[in-house]
Amino acid sequence: MRLRKKTVIMDAQGLSWTIKRMAHEIIEKNKGIKDLIVIGIQTRGVWLGRRLVREMKKITKKDVPMGILDITLYRDDVDSIAHQPMVKETRLPFDITGRKVLLIDDVLYTGRTIRAAMDELIDFGRPRLIRLAVLIDRGLRELPIQADFIGKVFLTTRKQAISVELRETDGRDQVLLKEIK
Amino acid sequence: MKLKHNNLLGLEDLDKEEISLILDTARPFKELFTRSVKKVPTLRGKTVVLLFYEPSTRTRASFELASKRLSADTLNITVSSSSVVKGERLIDTGKTIEAMKADFVVIRHPMAGAPHLLSRTIAASIINAGDGAHEHPTQGLLDMFTIKEKKGRIKGLKVGIVGDILHSRVARSNIWGLKKMGAEVCLIGPSTLMPQKVEQMGVKVYYHLNHIIDRLDVINILRIQRERQKENLFPSLREYNEIFGVNLDRIKKAKKDLLIMHPGPMNRGIEIASSVAEDARSVINEQVTNGIAVRMAVLYLLAGGGEVSGEITD
């Protein structure tokens with residue numbers, strides 16, 4: 001797979017404003033942060049989750065508990081891909097039963113990651129509800145899954161790729177659109 | 001990252017990167033055991049055949065649990081060793097298993113090379129669970145996982161393996177693995193139970209435990225099989241215990257953070273004193289837990305192998 005043209009569709013300032021806005025929306029829709037827990041999907045969902053938690057603390061002065069979910073073992077394509085993805089850590093240091101879970105991922109695409117994440121969460125307990133927040137919704141769903149909080153809708157084709165770069169993992173904040181040759 | 005082979009036949013065949021990949025993959029699997037649901041759907045619909053030509057409790061239980069925690073189905077085939085006469089039998093058994101559409105075959109066999117023969121016969125992934133005195137790769141991997149977990153590294157450590165090196169597949173897998181990962185390996189045992197020219201594997205040999213115990217970071221104590229005494233390979237269990245037995249007096253001379261390991265089952269009072277097995281520095285029970293995580297990692301990594309299906313990240 002070769003990538004040619006790259007376009008910035010969200011810069012550092014845009015990303016920062018987007019996260020602030022999403023934090024406000026989440027608090028408004030949830031009527032505060034009671035019973036709320038944030039769970040980031042490895043890897044960039046975790047960093048986005050941490051930023052959301054920080055923004056929500058600025059607004060409410062309270063900490064929202066944060067967990068980490070690795071969905072690798074719940075994927076539906078284990079024997080159809082050549083390279084087994086690296087299994088990473090899942091850490092949910094609280095009981096999710098009865099809580100309002102906010103799942104965070106960077107890009108919503110086919111919806112298969114979110115299907116896997118929900119299956120995994122349900123093995124941990126019975127949350128009161130699960131909502132989904134994503135930075136970019138790029139369309140092209142293969143499953144009936146939608147996000148509740150969206151940073152930016154950017155409809156793409158299958159020949160394009162969206163790559164979210166974050167300070168913590170990539171050295172800088174930006175979202176790129178790439179054309180696959 | 002990917003393993004270069006479809007089978008796990010021995011640690012001699014793996015390179016450092018592959019060993020590191022298995023050890024790193026095992027870590028998140030261990031975390032699964034702390035959940036209330038200890039099972040993930042990863043290998044749903046796959047079949048793991050456990051083909052044991054030798055008695056085994058813990059290795060078979062460990063593989064069975066590892067398979068079940070990945071949602072694979074398991075089939076136990078236990079063959080008494082008396083019925084093993086010719087190699088053809090194994091090939092026939094292999095063909096039968098293949099006809100049953102197994103995805104993995106975990107095999108233990110009294111003859112070295114049996115898993116290799118099977119791997120050339122059938123398409124399923126073969127995992128060696130011990131072949132004669134040759135190799136027991138998952139034991140070697142779980143020992144290294146335990147060392148890395150407790151010491152934070154393997155490279156540069158001085159690891160002693162004490163006991164019947166000659167007949168031990170655990171020793172051989174440990175030597176291959178540890179050398180590749182950069183550890184210094186010391187073998188300790190009676191000369192009659194030491195393979196000839198073993199120094200060529202890049203190890204140091206000692207014939208008395210007192211000569212090296214104070215310098216070891218890790219001691220891996222092998223089970224001494226009583227049958228060997230009847231073969232006149234050592235005079236008496238009492239004498240063995242005097243020279244090679246790991247007891248409290250010897251442990252007092254060792255480093256304060258010596259890691260004490262034993263692949264089990266233990267002969268308490270012979271190769272290891274009960275007080276040593278119960279010592280705070282002993283990780284014998286943890287080795288059992290780690291064994292399941294390591295075997296899950298091996299099954300997971302061997303399960304892939306199809307074509308790349310476009311975008312992996314979602």
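Student: In which loop of chain A is A:Thr72 found?

Tutor: A:Thr72 lies in the loop between strand E3 (66-69) and strand E4 (100-108) of chain A. Helices (H or I, at least four residues) and strands (E, at least two) are DSSP runs, numbered from the N terminus. The model is predicted: local features need pLDDT of at least 70, side-chain atom pairs count only at pLDDT 80 or more, and totals for chains, interfaces and linings use all residues. Residues are numbered from 1 along each chain as its sequence is written, while chains are lettered from A and ligands numbered from 1 in the order in which they are written.

Student: Why does A:Thr72 count as buried?

Tutor: A residue is buried if 20 or more other C-beta atoms, placed from the backbone, lie within 10 Å of its own, exposed if 12 or fewer, and partly exposed in between. A:Thr72 counts as buried because it has 20 C-beta neighbours inside 10 Å.

Student: Which residues does A:Thr72 touch, not counting those up to four places away in sequence?

Tutor: Two residues are in contact if their C-beta atoms, placed from the backbone, lie within 7 Å. With that exclusion, A:Thr72 touches A:Pro85, A:Val87 and A:Lys88.

Student: Turning to chain B, how many helices and strands are there?

Tutor: Chain B has eleven helices and nine strands. Its radius of gyration, taken over C-alpha atoms, is 20 Å, close to the 20 Å that the globule rule gives for 314 residues, so chain B is as compact as a globular protein of that length. The globule rule is 2.2 Å times the number of residues to the power 0.38. Buried residues make up 45% of the 314 residues in chain B.

Student: In what order do the five strands of the open sheet in chain B run?

Tutor: Two strands pair if DSSP finds at least two bridges between them. The order in chain B is E7-E6-E5-E8-E9, and the pairing is parallel. Strand E7 (204-206) and strand E9 (259-261) of chain B are the edge strands, each pairing on one side only. Within this chain, strand E5 (residues 158-162) and strand E6 (residues 184-188) pair in the parallel sense over five bridges, and B:Gly160 stands opposite B:Cys186 in E6(B).

Student: Is strand E4 (residues 125-131) of chain B mostly covered or exposed?

Tutor: E4(B) is mostly covered, with seven of its seven residues buried. Strand E3 (residues 104-109) of chain B pairs with E4(B) in the parallel sense over five bridges, where B:Phe104 stands opposite B:Ser125.

Student: At what angle do helix H5 (residues 137-151) and helix H6 (residues 169-180) of chain B pack?

Tutor: Two packed helices are described by the angle between their axes and the distance between the axes. Axes are lines fitted to C-alpha atoms, for helices over the stretch in contact, and angles run from 0 to 180 degrees between N-to-C directions. H5(B) and H6(B) pack at about 55°, with their axes 8 Å apart. These two helices, H5(B) and H6(B), are therefore oblique to each other. Angles under 35 degrees count as roughly parallel, over 145 as roughly antiparallel, 65 to 115 as roughly perpendicular and the rest as oblique.

Student: How do the axes of helix H1 (residues 16-32) of chain B and H5(B) cross?

Tutor: The axes of H1(B) and H5(B) come within 10 Å and cross at roughly 70°. That makes H1(B) roughly perpendicular to H5(B). Here B:Ile22, B:Leu23 and B:Ala26 in H1(B) meet B:Leu141, B:Met144, B:Phe145 and B:Lys148 in H5(B).
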